[in-house]
Amino acid sequence: MIKNILKCFLVIVPVFLLSGCDLALFDPKGPVAEEAKSLIIISTLLMLIIILPVLFMIVYFPYKYRKNNKTEDYRPDWEHSTKIEIVVWTVPTLIVIALSYVTYVTSHSLDPRKPIVSDQEQMVIQVVAMDWKWLFIYPEQGIATVNEISIPVNTPIQFQITSDTVMNSFFIPRLGSQIYAMAGMENRVHLMASQEGTFRGVSANYSGFGFSGMKFKVHSVDNEGFANWVAKVKQSEQVLNSETLKQLQEKTKDHPIEYFSQVVDQQFEKLIEKYSGAKNVE
């Protein structure tokens, strides 16, 4: 009796603990995330075609062939069934073909470097992974922030991503694909928010002591709200230059949000040049 109660407890408790989990991947707020959600669901359903019968047979076979079952035929010499062989080989083959087709199509449609088609002009945000914070530079607006970005709703964003430390991973679950940030390299991902709101951005690659606090906020607002946010950032007295960049390069944990009203020189390009060894920045 006590053993059965303990088993039930071990099953029920994790269910309650996981009930508060934020399933961001299944609550998309942008076209890329919508397509990624559909891909996850389609792939899962295709694999369940195999998994569900297996789970059923795990219960059914031991029950049917239990020791005290005297009603079933005993066939010790049985070893082959053409029907079973056809099912066992045909069904997985069809699933693999279906998954291959889905993978081929989505590997192109969800290519992170593929621009998003929109009647709105694309905006560029440069992203730098640091210890342990995110630096965002808006080259078109001439501002920079730490651990916070704002984007106009329904506007395609090109994120240009690099790292000023170890390899990291830039991820906004409700907007779409995660992509790696590597020192001396520029990676790109195109995302767009189709709804207004505040979304969570994270580091999806363990990078050391302050990794758990390496989070940032993404504010998706209308054009007026974005203009007001830019104006607020421009009121900051801080300027992103070589000196302030050195301060940001110091290791910190749970770094607060910071604003920089100006960006002196090409700080993003210089960071890539520092690690790549390039002599000229285009």
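What follows is a working chat about a predicted model of one chain.

Biologist: What are the ground rules here?
Modeller: This is a predicted model, in which local features need pLDDT of at least 70 and side-chain atom pairs count only at pLDDT 80 or more, while totals for chains, interfaces and linings use all residues. Residues are numbered from 1 along each chain as its sequence is written, and side-chain values use heavy atoms, with hydrogens and water left out.

Biologist: How many helices and strands in the chain?
Modeller: The chain has 6 helices and 13 strands; these are DSSP runs numbered from the N terminus, helices being H or I with at least four residues and strands E with at least two.

Biologist: Is the chain spread out or compact?
Modeller: Spread out: the radius of gyration is 26 Å, well over the 19 Å from the globule rule for 282 residues, so the chain is more spread out than a compact globule. The radius is taken over C-alpha atoms, and the rule is 2.2 Å times the number of residues to the power 0.38.

Biologist: What box do the C-alpha atoms fill?
Modeller: Roughly 85 × 45 × 40 Å along the principal axes.

Biologist: And how much of the chain is buried?
Modeller: 37% of the 282 residues. Buried is under 20% relative accessible area, exposed is over 50%, and partly exposed is in between, with a 1.4 Å probe and protein chains only.

Biologist: Switching to F260. Where does it lie?
Modeller: F260 lies in strand β12, residues 258–260. F260 has a relative accessible area of 1%, so it is buried.

Biologist: What is F260 in contact with?
Modeller: Leaving aside neighbours within four places in sequence, its contacts include I143, V146, V233, L240 and L248. Contact means heavy atoms within 4.5 Å.

Biologist: How many aromatic pairs in the whole structure?
Modeller: The search finds 15. Rings of Phe, Tyr and Trp (its six-membered ring) pair if their centres lie within 6.5 Å; planes under 30 degrees apart are stacked, over 60 edge-to-face, and the rest tilted.

Biologist: Why does the F56 and Y60 pair count as stacked?
Modeller: Their ring centres are 5.4 Å apart and the planes are at 10°, so the pair is stacked. Both residues lie in helix α2 (residues 31–64), 4 residues apart, about one turn of the helix.

Biologist: Which type is the Y60 and F61 pair?
Modeller: Tilted, at 5.8 Å centre to centre and 50° between the planes.

Biologist: Is F56 buried or exposed?
Modeller: Exposed, at 53% relative accessible area. Y60 is partly exposed at 33%, and F61 is partly exposed at 40%.
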